[in-house]
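Hi,

Here is the model I said I would send over. Have a look at it first, and my notes on what turned up follow below.

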Amino acid sequence: MNITQYPSMTLLSFLSLFVFFLLIIPSLISAQTCQRTCGKQILKFPFGSDPGCGDPRFQQYVSCNQQRLTLTTHTGSYPVSTIDYTNQVIYISDPSMSTCSCTQPSKGFGLDWNAPFTFHDDTIFALLDCSTASSPIYTSNGLNTDGNGSKALLCANEGTPICSYLYSCRPISTINLPISTCCIYAPMDLGPSFEMDLKKLQCTSYTGFYSFNGQEGNPENWNYGIALKYKFSVNNDYPISCSQCERSYGVCGYTGAYNSFICNCPNGLNMSTDCFFTAAYNNGLRLLLPWKINGAGLIYFLAWSLVWVLL
């Protein structure tokens, strides 16, 4: 085409492609595919399988390794049993935790102070085999002393029946310890550091559960583990950009030095908005090209289109 023959049409075509080129380049980010599952666990925001998938605040704590979803804190790594996305609760298990079926020494459990998790109100801890002589959970309670400096157990008052049920478990009953060495420890007792240091507390082991499963008197059927709450933000609002991305069958994520939003689309073409453009591309532009295009390929295609217009 001779640019002098059709100056207005060429200029219009050039401007149209140039504007389109400028609009699409900022939306293209290096191709990456996010897994939608980790083993049998469904992955949804704020959790993700890889860097750039999900909320970056959660990436350092919840990860998918060899198709196993785990939570990692300064006290260890813990398998994720299930995630309740509706109520924003993640359930984990501690392999070193004692249950009604076995007892074993443990160092305890703790959350990192800056982790985006808090203990769910349903979580109950029972400290086992604690020293009544030197454990800090046994101390003088200024509100309940009888004037003689008698020691009071700083545990939940309703813990006695729970301890009784736990001591009906054969593995616990065989260690022949008095029930007074069992302490029901509410998450609020862990303090602002969310730390349960059994060595410091001078207890041998602990157990945790989040539901009696409708059988309070039968500890064999309790749901053992730890329930943790999580929030999307201070206001706990689900990001609008993520909602739009997921409606277009994308996976919401954040990446880069400034944690910029990214919508990971099914075909690997990642956008800064949603995947509706890639769907149109799949139904249109892709049919024109014999190769699988990614972000760099589309830029290459647009650049060559621009060159052909000017020829």
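Arg36, Ile42, Leu43, Lys44, Phe45, Phe47, Gly54, Glu246, Tyr249, Gly250, Val251 and Cys252 form the lining of the largest pocket. A pocket here is an open set of points on a 1 Å grid over the protein atoms alone, where a 1.4 Å probe fits, with protein on both sides within 12 Å along at least five of seven lines; lining residues have an atom within 4 Å of a point. The volume comes to about 160 Å³, taken as the space filled by probe spheres on points joined across faces, edges and corners. Sorted by class, the lining has seven nonpolar, three charged and two polar residues; Ala, Val, Leu, Ile, Met, Phe, Trp, Tyr, Cys and Pro count as nonpolar, Asp, Glu, Lys and Arg as charged, and the others, Gly among them, as polar.

Before you go further: this is a predicted model, in which local features need pLDDT of at least 70 and side-chain atom pairs count only at pLDDT 80 or more, while totals for chains, interfaces and linings use all residues. Numbering starts from 1 along each chain as its sequence is written, and side-chain values use heavy atoms, with hydrogens and water left out.

Two features involve residues of that lining. Phe45, one of the lining residues, is joined to Pro46 by a cis peptide bond with omega near 15°. Pro46 sits in the loop that runs from strand E2 (41–42) to helix H2 (56–59); helices (H or I, at least four residues) and strands (E, at least two) are DSSP runs numbered from the N terminus. Cys252, also in the lining, has Cys263 in E18 as its bridge partner.

That bridge belongs to a hairpin. Strand E17 (residues 251–255) and E18 run antiparallel and are paired over five bridges, where pairing requires at least two DSSP bridges between two strands. Four residues lie between E17 and E18, and Gly256 has a positive phi near 85°. Strand E18 (residues 260–264) is mostly covered, with four of its five residues buried; buried means under 20% relative accessible area, exposed over 50%, and partly exposed in between (1.4 Å probe, protein chains only).

Now the sheets. Going along the order, strand E4 (residues 68–73) is joined to E5 by four bridges, and Thr72 faces Ser77 in E5. Strand E5 (residues 76–84) is in turn joined to E6 by four bridges, with Asp84 partnered by Val89. E6 then pairs with strand E16 (residues 226–230), antiparallel and again over four bridges.

How do the side chains of strand E6 (residues 89–92) point, and are they buried or exposed? Val89 and Tyr91 point one way, Ile90 and Ile92 point the other way, and all are buried. Val89 also stands opposite Lys229 in E16.

The turn of the E5–E6 hairpin, with four residues between the strands, includes Gln88. Gln88 has a phi near 55°, which is positive although the residue is not glycine. At 12% relative accessibility, Gln88 counts as buried. Asp129 likewise has a positive phi near 55° in a residue other than glycine. Asp129 lies in strand E9 (residues 124–130) and is partly exposed, with a relative accessible area of 27%.

E9 takes us to another open sheet, of four strands in the order E12-E9-E14-E15 with antiparallel pairing. Its edge strands, strand E12 (183–185) and strand E15 (223–224), each pair on one side only. Strand E14 (residues 203–211) and E15 are joined by two bridges, and Phe209 stands opposite Tyr224.

Finally, charges. How many salt bridges does the structure hold? There is one, between the side chains of Arg57 and Asp55 at 3.4 Å, N to O; the cut-off is a side-chain nitrogen of Lys or Arg within 4 Å of a carboxyl oxygen of Asp or Glu. Asp55 is buried at 8% relative accessible area, whereas Arg57 counts as partly exposed at 35%.

Best wishes
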